[in-house]
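Subject: Structure handover

Hello,

Please find the structure below. My notes on it follow, written for someone who has not seen it before.

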Amino acid sequence: CYKPKNLPCSTRINQVVGGVMTDNLIGEESLFFQSKVNVKKPILPCAVGYIIVEPSPQPTTVLDKCVPGKPMSTPSGFYYKDQWMSLTCNIHSFNTPAKVTKCLLRKKVYLFGDSTMRQWFQYLTTFVPGIRRFDLGNPTQVGPHCAFDMQNNIMLEFFTHGLPHHFGSFSSQHLYYISNKLNEIKGGKDTVISIAICAHFTTFPAEVYIRRLQNIRRSVLQLLTRNPDTVIVIKTANVRGPTQGVIYKYSDWYTFQLDSLMRRMFVGIKVAFVDA
């Protein structure tokens with residue numbers, strides 16, 4: 001970002017993404033990004049095209065209750081019939097609107113981050129009829145958004161994280177840094193905070209991401225000091241489909257390294273990870 005020479009930062013009105021450079025490949029580098037050749041090219045099996053899963057000879061392990069601060073294992077779980085099966089703790093399945101409502105009864109839920117948190121917001125407001133979105137007139141992709149269930153005293157809010165990100169044009173007044181928002185929250189046993197922040201940092205050096213995580217970590221520790229019963233959930237990084245627009249600015253290998261930094265940053269802190 002470049003500050004205008006003759007204007008103060010306070011005059012800024014909108015945040016706009018200028019696009020992604022796609023002509024910066026040198027020499028034969030472009031050969032590595034050919035659609036249907038080595039990008040989005042299916043890898044066909046050379047023998048049997050399926051896997052047989054046999055019962056484990058080891059005795060079944062009884063998993064403990066899922067609680068914040070529990071160390072993660074690798075792998076942390078797997079999907080079976082579209083349902084996440086954790087290998088870390090005994091998770092609950094909230095597969096009906098009534099179960100979700102009971103879980104969120106009298107809760108204030110804050111979702112901070114990128115499109116993953118926005119999709120959580122959209123899922124909850126779609127899946128649970130009682131949680132009704134209050135239209136603030138903000139862009140769907142960026143927000144901020146809020147929703148309420150007045151009968152069950154549920155509040156749901158979504159805020160996109162501050163720069164950097166790859167969203168389109170929106171008001172600069174809606175640039176919220178997660179650490180600042182955390183400092184505004186009182187917390188308590190009826191407060192739930194979810195954070196997802198990684199995808200939009202993949203075009204920057206790791207030092208930029210580390211500094212952001214350090215600020216968030218400091219605010220998380222301060223919040224837990226104020227109210228240790230506050231529930232804080234951190235979503236680990238996602239993989240991305242290798243579309244032509246993604247491969248120039250996103251790498252699952254580099255994202256894996258950023259995700260490893262994030263996990264290390266919150267080791268020993270009373271937070272819960274969603275690693276699915």
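The side chain of N138 has a polar atom 2.8 Å from the backbone oxygen of P144. A polar contact here is a pair of N or O atoms within 3.5 Å, where within protein one must be able to donate a hydrogen and the other to accept it, and residues adjacent in sequence count only if both atoms are side-chain atoms. N138 sits in the loop between strand 5 (132-134) and strand 6 (145-149). With a relative accessible area of 16%, N138 is buried (buried is under 20% relative accessible area, exposed over 50%, partly exposed in between, with a 1.4 Å probe and protein chains only). Not counting residues up to four places away in sequence, N138 touches G143, P144, H145 and H174; contact means heavy atoms within 4.5 Å.

This is a predicted model, in which local features need pLDDT of at least 70 and side-chain atom pairs count only at pLDDT 80 or more, while totals for chains, interfaces and linings use all residues. Residues are numbered from 1 along each chain as its sequence is written, and side-chain values use heavy atoms, with hydrogens and water left out.

The chain as a whole

The protein chain has six helices and 11 strands; helices (H or I, at least four residues) and strands (E, at least two) are DSSP runs, numbered from the N terminus. Along the principal axes, its C-alpha atoms fill a box of roughly 60 × 55 × 35 Å. The chain has 276 residues, of which 36% count as buried. Among contacts in the protein chain with a separation of 6 or more, 69% are between residues 24 or more positions apart.

The nonpolar cores

A nonpolar core is a set of buried Ala, Val, Leu, Ile, Met, Phe, Trp, Tyr and Cys residues joined through side-chain atoms within 4.5 Å. The largest one has 28 residues, and F112, L182, I193, I195, I216, V220 and F266 touch the most other members. Two or more residues each come from strand 4 (108-113), strand 7 (154-160), helix 3 (178-183), strand 9 (191-196), helix 4, strand 10 and helix 6. Helix 4 gives the most, with six residues. Another core lies apart from this one; its 15 residues include L111, V128, F158 and V192.

What does I216 touch, leaving aside its neighbours within four places in sequence? The contacts of I216 are I178, S179, L182, I195, I197 and F266.

Helix 6

Helix 6 (residues 252-265) has 14 residues and reaches 20 Å from its first C-alpha to its last, close to the 20 Å expected at 1.5 Å a residue; the expected span is 1.5 Å times one less than the number of residues. Buried in helix 6 are Y254, T255, L258, D259, M262 and M265. These residues cover an arc of only 140° around the axis, which puts them on the same side of helix 6; the arc is that of the directions from the helix axis to the C-beta atoms. W253 and R264, on the other side of helix 6, are exposed. Helix 4 (206-226) and strand 10 (231-235) are among what covers the buried residues.

Salt bridges

Side chains of opposite charge can pair when their charged atoms come close. The structure holds five salt bridges, each being a side-chain nitrogen of Lys or Arg within 4 Å of a carboxyl oxygen of Asp or Glu. One of them joins R263 and D275, whose closest N and O atoms are 2.8 Å apart. R263 lies in helix 6 and D275 in the segment after strand 11 (272-274), so this pair ties together parts that are 12 residues apart in sequence.

In another, E184 pairs with K181, with the closest N and O atoms 3.4 Å apart. E184 is exposed at 59% relative accessibility, whereas K181 is buried at 14%. The side chains of K70 and D64 also meet in a salt bridge (3.9 Å, N to O); K70 is partly exposed, with a relative accessible area of 26%.

Helix 2

At the start of helix 2, a side-chain oxygen of D114 comes within 3.1 Å of the backbone nitrogen of T116. The buried residues of helix 2 are T116, M117, R118, F121, L124 and T125.

Regards
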